[in-house]
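Visitor: Hello! Could you show me how to read this model, one feature at a time?

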Amino acid sequence: MSGPPPIKVRGLRKIFRQTTTGQSVIAIERLDLTISPREVVAIVGQTGCGKSTFFDLMIGLEAPTEGSIHIGAKSPHADFDYFRGRIATVFQQDRLLPWRSALDNARLPLELIGVPEEEQHERALSWLNRLGLAHFTNAYPHELSGGMRQRVAIARAFAVEPDILLADEAFGHLDEVTAAELRDTFLKLARECGSTAILITHQLEEAISIGDRIVVFGKSAKLLADIHVAQWSKPNYGLLREAIQSTLQSDRPDPRLKDPRTETKRKK
Amino acid sequence: MPHEELRESVPVLTFPRQTLVSLFVFAVVWEALSHLAPYLGIPPFAIPSFVRIAKSVATITPIDIIVTLARVIAALIASFLLGLAVAMAMYRSESLDKYLHPMIRLLMAVPVVSWILFAVLWFPGVEFRIGFVLVIVCGPVFLIDTLDAMHGVPRELRHMMQSFRPTTWQYFFKLMLPAIVPTIFTSWKVNISLAIRVVTIAELVGAVTGIGHQLSVAQELFSVADVFAWTLVLVALLFLLEAVVARVETRVLRWRV
C-alpha cells in the first residue's frame, strides 16, 4: 500500500493587501518546512503569527505569493482537484451542515468524491461508530453536544481516509476532559489510517501530547524551532514547555531547544 | 412574559377570539348596511346581502379558478427557476453581478400596470402576456431574495465546503441551495401573494378565462355580489397556497430548532 507523500514547503511567502488601507501585510515570510509521511506535526504560535494562513495555503484555498508547497509532486493550490478526497480538514468549530443528520454530515466528503451511495452509508456509519456515535447517527447537529458535534466533524474528515489531515485548533473550544479524550481518539485514528496529520494549536500541552514534531512559528510564520518530541523524555516535558513558551515570548529560539539531551544532563 | 413574546407565540393561520369577533362585527355591519342602503341613498346593488353573495358564490365556475391557479403556479415555478439560475450565475461572477444588479433594481421599480401595457403592445397571445407579466414581476423578487441569501451563507460553512474541494455543481447543490431553503420559502410566500394580485390585473386585460376575466364581467354587469364572491375565492386561494407552502416548509425544515 502506498503511503501519503511527503510535504515540502520551500521559500513560502504570503502577502495580503489590506482592502481599506491598501497596505501590504506579510503573513508568512520565507518558510521552509519538510514533513515526512505519516508524521503528526503540531504547529504552535501566537495569535496572528500566520498559522491559519498556513492552514489555508496547505488546503490550497490560498495561493502562495512566492515559494511553493508540494505534497508529493503536486501543489494543493495549482492541482486543487487532484487533492479531492486526499486532504481533509477539522476546524475549531465543527462546521456541520445543520440540515444534515450526523450520518449525512459524515458522508459528505464521500458524496463529493463520488463513492456509491451504499458504500458512503457503510463507511460513514463505521467512522461514527468508531467515534462512539453509533446511537446518534440520525441526530441533527443541534441535538448533539459540542463534543459530539466535533466527533462528527472528525468522522467526516476521516471518512475519506485522507493522505493529509489538517486540524485548526480542533479541540481548543472544548472542555479539558473532552478535548483530551478527543485528542487521543484523533491521534489513534490518524495512526491507524496512516495519514500525515498537521495540527495547528495555541495550546502547548496539546502540541506536546499529540505531536511527533512541534514546529514553532514566530511572527510572519518565521520558523523559530522544529522540535522532535521523541528526543525529549516525558519527565522533561515541563522543560520543553518552558522552552517553547520562552521562544514564543522572545520571538527567538530558546537555546534549550537546540539539544535537549545536553539540557537534561546539565539539569542533573 | 414580555408583550412581544406573547404576540410571537400566537401561531399563524389560527383564528383567535379577537379575529372571530372582528369578522363577526364586519359581517353584521355589512348585512345591516345592505338592508339600510335604500334609506341611506346608496344604490341597492352596491352593498349586497350575504344571501345574494352566497348565490353568486354558488354560480362560480371552477374552470376559472383552475385556469388562474394554473397560471399562477406555472408562472411562479418559471420565475423561481429563472430567478435562482440568474442568482447562481451572479453569485459566481462578480462582474455579471455588477452589470445585472442595477438592471434588476430597475425592472423591480416598473409598475405592474406598465408591464401589462407593454405585454399587450408587444405580444399577441393572451397566455404569453399573462405569463410574461407574472414572470417579470415575480422573477426579480426570487432573484434578489436568493442572491442575498447566498451572500449570507456563513463564511465558515463555505470555507469548510471548499476545503473538501467540491465541483461547482456540488458546491451549489450540497451547500448553497440547502442553506438558502428558509429564504426560498419566505420568498415563495411573498411571491404567491404578489402573483395572485398581479394575475388578476393581467387577466382583466384581454383574457377570456380566469378570475380576473370574471371580475371584469362582474364589473360590466355592476354586480358587487359577484365581485365579492370572486374576491373571496382569490383570498381563499391565497390562504390555500400559503398553507400548502407552510406545510411543505415545516416538513423540509424539520432540522431547524
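Guide: Gladly, and let us begin with two helices: H4(B) passes H7(B) in a right-handed crossing. A crossing is right-handed if the near helix is turned clockwise from the far one by less than a right angle, and left-handed if anticlockwise. Helices (H or I, at least four residues) and strands (E, at least two) are DSSP runs, numbered from the N terminus.

Visitor: At what angle do the axes of H4(B) and H7(B) cross?

Guide: Axes are lines fitted to C-alpha atoms, for helices over the stretch in contact, and angles run from 0 to 180 degrees between N-to-C directions. Here helix H4 (residues 62-92) and helix H7 (residues 126-151) of chain B cross at roughly 40 degrees, their axes coming within 7 Å. That makes H4(B) oblique to H7(B). Angles under 35 degrees count as roughly parallel, over 145 as roughly antiparallel, 65 to 115 as roughly perpendicular and the rest as oblique.

Visitor: Before we go on, how should I read the numbering and the model itself?

Guide: Residues are numbered from 1 along each chain as its sequence is written, while chains are lettered from A and ligands numbered from 1 in the order in which they are written. This is a predicted model: local features need pLDDT of at least 70, side-chain atom pairs count only at pLDDT 80 or more, and totals for chains, interfaces and linings use all residues.

Visitor: How many helices and strands does chain B have?

Guide: Chain B has 11 helices and zero strands. In another pair of its helices, H9(B) and helix H10 (residues 211-220), the axes come within 7 Å and cross at roughly 60 degrees. This crossing of H9(B) and H10(B) is right-handed. Residues of H9(B) including B:Val199 and B:Leu204 meet residues of H10(B), among them B:Ile211 and B:Leu215.

Visitor: How many residues of each chain are in contact with the other?

Guide: Two residues are in contact if their C-beta atoms, placed from the backbone, lie within 7 Å. In this model, 13 residues of chain B are in contact with 19 residues of chain A. On the chain B side, helix H8 (155-163) and helix H9 (168-204) each give two or more residues. The largest share of that side, five residues, comes from H8(B).

Visitor: And how do I read a sheet?

Guide: Strands of a sheet pair through backbone hydrogen bonds, either parallel or antiparallel. Two strands pair if DSSP finds at least two bridges between them. In chain A, three strands form an open antiparallel sheet in the order S2-S1-S4. Strands S2 (24-35) and S4 (66-71) of chain A stand at the edges, each with a single partner strand, so one side of each is left without a neighbour in the sheet. Eight bridges pair S1 (residues 7-17) of chain A with S2(A), and A:Val9 stands opposite A:Leu33 in S2(A).

Visitor: What is the strand order in the six-stranded sheet of chain A?

Guide: The order is S5-S6-S7-S3-S8-S9, with mixed pairing. Within this sheet, S6 (residues 164-168) and S7 (residues 196-201) of chain A run parallel, joined by five bridges.
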